Amino acid sequence: MEEKTNIIKDLSIEEREEILVDIARTLEDTAREAYVEGNTHFATLSNNMAEAIRVNADELARDDPENAELVFQQATAMISQFEAVHPYRMVSMAVH
């Protein structure tokens with residue numbers, strides 16, 4: 001985790017913002033899976049964190065790289081926690 005933290009500090013503002021948006025998208029995907037599995041509490045927490053990251057991504061990336069690192073660590077920890085409890089992801093075979 002420390003290696004990722006140091007990398008985020010060294011990125012440009014645009015790259016930091018892109019990473020924050022990507023982590024928000026991943027949190028939303030995880031929230032969707034948790035909701036389908038019936039874990040509404042975790043789904044709500046993930047969605048709320050994703051929305052907060054998305055709304056503040058520009059400010060975090062531009063003005064506050066230290067807190068951007070903390071937010072990234074917290075989001076990564078939430079995603080890791082979900083993956084640890086649910087190692088076998090659902091695979092949709094739906095045809096649209």
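Let's start with one residue. Ser46 counts as buried because its relative accessibility is 0%. Buried here means under 20% relative accessible area, exposed means over 50%, and partly exposed is in between, with a 1.4 Å probe and protein chains only. Ser46 sits in helix α3. Leaving aside neighbours within four places in sequence, Ser46 is in contact with Leu27, Ala31 and Met78. Contact means heavy atoms within 4.5 Å.

A word on the source. This is a predicted model, where local features need pLDDT of at least 70, side-chain atom pairs count only at pLDDT 80 or more, and totals for chains, interfaces and linings use all residues. Residues are numbered from 1 along each chain as its sequence is written, and side-chain values use heavy atoms, with hydrogens and water left out.

Now the fold. The protein chain has four helices and zero strands. Both are DSSP runs, numbered from the N terminus: helices are H or I with at least four residues, strands are E with at least two. Of the contacts with a separation of 6 or more, 72% join residues 24 or more positions apart. Buried residues make up 34% of the 96 residues.

What sits inside? The largest nonpolar core has 23 residues. Such a core is a set of buried Ala, Val, Leu, Ile, Met, Phe, Trp, Tyr and Cys residues joined through side-chain atoms within 4.5 Å. Those with the most contacts inside this core are Leu20, Ile23, Leu27, Met49, Ile53 and Ala75. Helices α2 (13-36), α3 (40-63) and α4 (65-85) each supply at least two of its residues. The largest share, eight residues, comes from α3. In soluble globular proteins, nonpolar side chains tend to be buried together.

Take Leu20. Beyond its neighbours within four places in sequence, Leu20 is in contact with Ile53, Ala57, Leu60, Ala61, Ala68 and Val71.

Next, α4. Its 21 residues should span 30 Å at 1.5 Å a residue, and its end C-alpha atoms are 30 Å apart, so the two agree. That expected span is 1.5 Å times one less than the number of residues. Buried residues in α4 include Phe72, Ala75, Met78 and Phe82.

How many aromatic pairs does a search of the whole structure find? One. The ring centres of Phe42 and Phe82 are 5.3 Å apart with planes at 20°, so the pair is stacked. Rings of Phe, Tyr and Trp (its six-membered ring) pair if their centres lie within 6.5 Å; planes under 30 degrees apart are stacked, over 60 edge-to-face, and the rest tilted. Phe42 is in α3 and Phe82 in α4, so the pair ties together parts 40 residues apart in sequence. Both residues are buried.
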